Each structure stands twice: as structure tokens, then as C-alpha cells.
Amino acid sequence: MLRGGGIGVPITIQAMPPPEDIRMRGFRERSSVEDAVAAALDGLVPLPSEGIPTTQAAGRILAADIESTVNVPGFRRATMDGYAVRAEDTYGASAYNPIPLRVLGSSMPGTGDDQPIGPGECLRIMTGAPVPDSADAVLKAEDTNGSGEQIEATAPVPHGRNVARIGEDVEADDRILHAGRRLLPQDIGLITAIGHNPVAVVRRPTVRIIVSGDELLPPGSAPSGTSIVDSNSPMLAALVERDGGTADVVSLPDERAAMADALSRPDVDLIITAGAASVGSEDRVPVLVGELGNLTIHGITMRPSAPTGIGTVNDVRVLILPGNPVACLAAYDFFGGPAVRTLGGRSSNWPYRTIKRTLTRRLVSQVGRTDYARVVVDGDQVEPIAISGSSVLSWGTAATGCGVVPASSEGYAAGTPVPGHCDGGST
């Protein structure tokens with residue numbers, strides 16, 4: 001109690017409570033995985049399109065439908081090596097009743113010879129070469145005898161046989177591919193065949209991957225003393241590239257100003273951080289995101305990856321992933337991958353095959369928490385490796401699949417058929 005004003009009036013001073021730590025707020029009331037996924041994807045839409053050469057478009061996401069302006073083929077062409085003929089001139093031909101035909105010349109791919117073919121005449125022709133208008137079939141070379149200016153048909157050929165009609169592959173105004181398709185090598189061949197160039201594709205998202213820690217050595221180094229090699233940034237960069245993005249890796253010391261600058265710099269579509277995500281004295285990323293922008297979520301009811309955070313800085317979504325490698329991988333699968341794929345025009349669904357196999361032993365979980373379990377798939381069975389152990393990266397490579405135990409479940413008993421995801425390995 002203090003006395004002030006010189007008149008002996010007691011004044012009571014009440015200390016103000018310290019400001020609430022934004023990190024602890026999320027940990028007291030953790031968000032569900034479903035709410036966190038919704039927050040990670042909130043407002044994200046495919047990026048604008050860009051035009052690129054057709055020859056560079058394999059694997060990209062088509063931004064607009066493609067319609068052909070031409071017929072493919074644009075002329076009647078041979079689909080076999082042989083002789084362009086009038087089909088009626090071969091009727092009745094056999095090995096015992098060869099029918100003679102006079103050879104007028106040749107039709108080669110890219111050139112052709114449109115001279116009229118009369119009764120009892122033919123034109124030597126190669127696959128892909130134009131068929132003269134006066135011919136209505138191609139007699140296969142193996143169904144003939146002789147060479148030079150006179151051959152014999154030893155089998156009949158029906159009208160239209162071995163001749164590709166105009167537009168047989170693609171007709172003008174056909175819609176050959178739809179927007180949203182991931183372009184396959186055969187798609188590139190078809191696009192090229194109709195002369196469509198450039199191709200409008202969804203721009204690849206640029207993802208800034210920020211790793212921080214004074215203890216980190218750059219990838220390619222050998223572990224030394226109490227320092228560890230940064231394994232998260234190459235893993236995340238590979239995942240981002242797999243999902244159609246371009247990785248921009250930034251490695252930082254444990255400095256507040258450097259992290260604030262990396263979070264604030266423009267010219268990226270998504271930011272993913274790894275490490276400094278929890279509530280320790282050096283876990284400053286959630287605090288900085290809250291100061292520089294908006295921290296929507298910090299703390300999720302899942303294992304591993306509970307410290308994951310989601311926010312926005314300068315209208316760029318920021319995904320705060322744990323530093324422990326397996327937790328980082330799990331958080332990317334749940335939140336990072338869907339965000340990268342959505343921005344790139346791909347499906348937000350996990351890019352793994354869905355399987356259902358029988359558990360070899362019990363898989364224990366806790367109601368109210370989503371668990372990400374690493375498993376080994378062996379034939380029609382699946383063996384859990386671990387749910388805990390978020391820093392043991394070797395468990396991630398030993399696994400050939402993963403299972404997700406929903407928050408509503410206490411787990412599964414041995415012998416239970418359970419759903420899961422598989423990315424390689426035995427199935």
C-alpha cells in the first residue's frame with residue numbers, strides 16, 4: 001500500500017497480469033485435425049495460368065480445355081505397308097488364285113502420288129503415306145507376290161481396310177483434354193499432333209521452406225559433436241516438388257530478426273517452416289506469425305505433430321511444422337501437401353494409394369486424438385511400427401505405408417481389417 005498526494009490517503013496498486021502467450025492459448029484448447037485442415041486450405045485456389053511450350057508441359061496441370069482446330073489425320077493415310085488398290089480388284093484372290101496388279105508408282109510419307117488408279121492397277125505405299133482418292137483400301141505387302149512393275153494379290157482386302165479416314169484420330173472442334181488434367185506423356189503427343197502451342201497450365205506454386213537452428217548443419221555435411229544435419233529441408237523440398245511446387249529453401253540461425261524477415265518477404269505463394277514451433281524459449285515462429293499477421297491455429301489434437309500452427313502473413317498462408325522429422329513429415333501430409341496441391345490446381349487428397357489390410361497386432365490410440373501410425377505392409381497384412389517417436393526418422397523410411405486412427409477411436413485390435421495409405425513397398 002502506498003500513500004500519495006501528501007494527504008495520507010492510501011492508494012492500492014494492482015499489478016497487471018502478464019500478456020497471454022499466444023502459443024499457450026492454442027495448446028490449452030487444441031484444434032481438431034479437421035479444423036486445422038480447413039484452416040490450412042481456407043481461401044486457397046489454383047494459381048493463375050501461364051503459357052509454356054508444349055514440349056515442357058508433361059506433368060503440369062492443364063488450366064483450360066483444349067479443342068482441336070484441325071482434323072488428325074488431315075488426309076486419308078495408309079496404316080500398313082503395301083499397295084493402294086481398288087478393293088473390288090482383289091475379290092476372289094488367294095494363294096491358289098493370285099490376281100495380277102500393275103504397279104503405277106509409289107506413295108511415300110510426306111510426299112504422295114495422287115495419280116488415278118484404274119482397274120487392275122495399284123500404287124506401292126508406305127505406312128503414313130497419303131492414299132490416292134481413286135483407291136479405297138491398302139493391300140498388305142505380305143498378301144502379295146512379286147515386285148517391280150507387276151505383283152499378284154494372294155488375298156482379298158475389304159473396302160476401307162488399312163486406310164485411316166480424315167479425322168479418325170481427332171476431328172476439328174473436338175475437345176481433346178479438360179482443364180485440371182495432369183498432363184501425361186501421351187497427352188503431349190496428342191497436343192503436339194494438333195499443333196497446339198503454347199499450352200496454358202496452372203502456375204507452379206513457389207513454396208518458401210524455412211528451417212532454423214544454431215545446431216543445424218547444411219545438408220551434405222557430416223554430423224559433428226552436438227550439431228545435427230538439417231534433414232527437414234531436403235525432405236520438404238522433395239515433397240513440395242512431388243506435389244507440383246517449386247521449393248525455395250531458407251536456412252536461418254536462431255535469430256528473431258532473420259525469421260521475421262523470412263516470414264515477411266514477398267514473392268512466394270506459401271510458407272512452410274520446420275522447427276521452433278512449440279512453446280519453448282526459442283520457439284518463436286508462432287509468436288512472430290501472430291505479430292506479423294494472424295495465427296489461426298497453434299496446437300492440434302494429433303500425434304505426432306501436435307505443435308503444428310497455421311496462420312497468414314501478408315496474405316500468404318504460413319504452415320508451422322514441428323522440427324522433429326517424423327512429426328514434420330506427418331504434418332506435411334496432413335496440411336502442407338494439400339495446400340501445395342490446391343495452389344497448383346491438383347487434388348488436395350493424399351497422393352497415396354488407399355489400401356485395406358489386416359493388423360498383425362493391436363494398434364492403440366486415445367479417444368479425442370488423431371494418430372498417424374507408420375506401418376509395414378506385407379501381403380494382406382499390416383504391422384504397426386510406431387505412433388510415437390517423432391524424432392526417429394529411420395522409422396519413416398522403414399515404413400511402407402501409414403495408417404490414420406481417427407479421434408473417435410481407441411485404436412484397433414489385432415486381426416482387424418483397417419484402411420491405410422501405401423506409397424511403394426509390398427502391398
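This is a predicted model: local features need pLDDT of at least 70, side-chain atom pairs count only at pLDDT 80 or more; totals for chains, interfaces and linings use all residues.
Student: Which residues of helix H2 are buried?

Tutor: In this helix, residues 33–41, the buried ones are Val 33, Ala 36, Ala 39 and Ala 40. They lie on the same side of H2, because they cover an arc of only 120° around the axis.

Student: Why do residues three or four places apart point the same way?

Tutor: An α-helix has 3.6 residues a turn, so residues at that spacing point the same way.

Student: What do the buried residues of H2 pack against?

Tutor: They pack against several strands and one helix, including strand E20 (294–298), strand E23 (316–321), helix H7 (325–343) and strand E26 (370–378).

Student: And what follows H2?

Tutor: Gly 43 follows H2, and the phi of this glycine is positive, near 80°.

Student: Let us turn to the strands. How many residues of E28 are buried?

Tutor: Four of the five residues of E28 (residues 401–405) are buried, so this strand is largely enclosed by the rest of the structure.

Student: In which sense does E28 pair with E26?

Tutor: E26 and E28 pair in the antiparallel sense, over five bridges. In one of these, Val 375 has Gly 401 of E28 as its bridge partner.

Student: How many bridges join E28 to E30?

Tutor: Two bridges join E28 to strand E30 (residues 417–422), and these strands run antiparallel. The partner of Cys 402 in E30 is His 421.

Student: New topic: how many residues are in the largest nonpolar core?

Tutor: The largest nonpolar core has 39 residues, and among those with the most contacts inside it are Leu 236, Ile 272, Leu 321 and Tyr 332. Elements that give two or more residues to this core include H2, helix H4 (232–242) and strand E19 (270–274).

Student: Which element gives the most to this core?

Tutor: H7 gives the most, with ten residues.

Student: What is Leu 236 in contact with?

Tutor: Leaving aside neighbours within four places in sequence, Leu 236 is in contact with Ile 209, Ile 272, Ala 274, Leu 321, Cys 328 and Tyr 332.

Student: Which residues does the second core include?

Tutor: That separate core has 20 residues, and Ala 260, Val 313, Val 316 and Ile 320 are among them.

Student: Finally, the cysteines. Is Cys 402 buried or exposed?

Tutor: Cys 402 counts as buried, because its relative accessibility is 7% and the cut-off for buried is under 20%. Cys 122, at 0% relative accessibility, also counts as buried.

Terms used. Residues are numbered from 1 along each chain as its sequence is written. Side-chain values use heavy atoms; hydrogens and water are left out. Buried means under 20% relative accessible area, exposed over 50%, partly exposed in between (1.4 Å probe, protein chains only). The arc is that of the directions from the helix axis to the C-beta atoms. Contact means heavy atoms within 4.5 Å. Two strands pair if DSSP finds at least two bridges between them. A nonpolar core is a set of buried Ala, Val, Leu, Ile, Met, Phe, Trp, Tyr and Cys residues joined through side-chain atoms within 4.5 Å.
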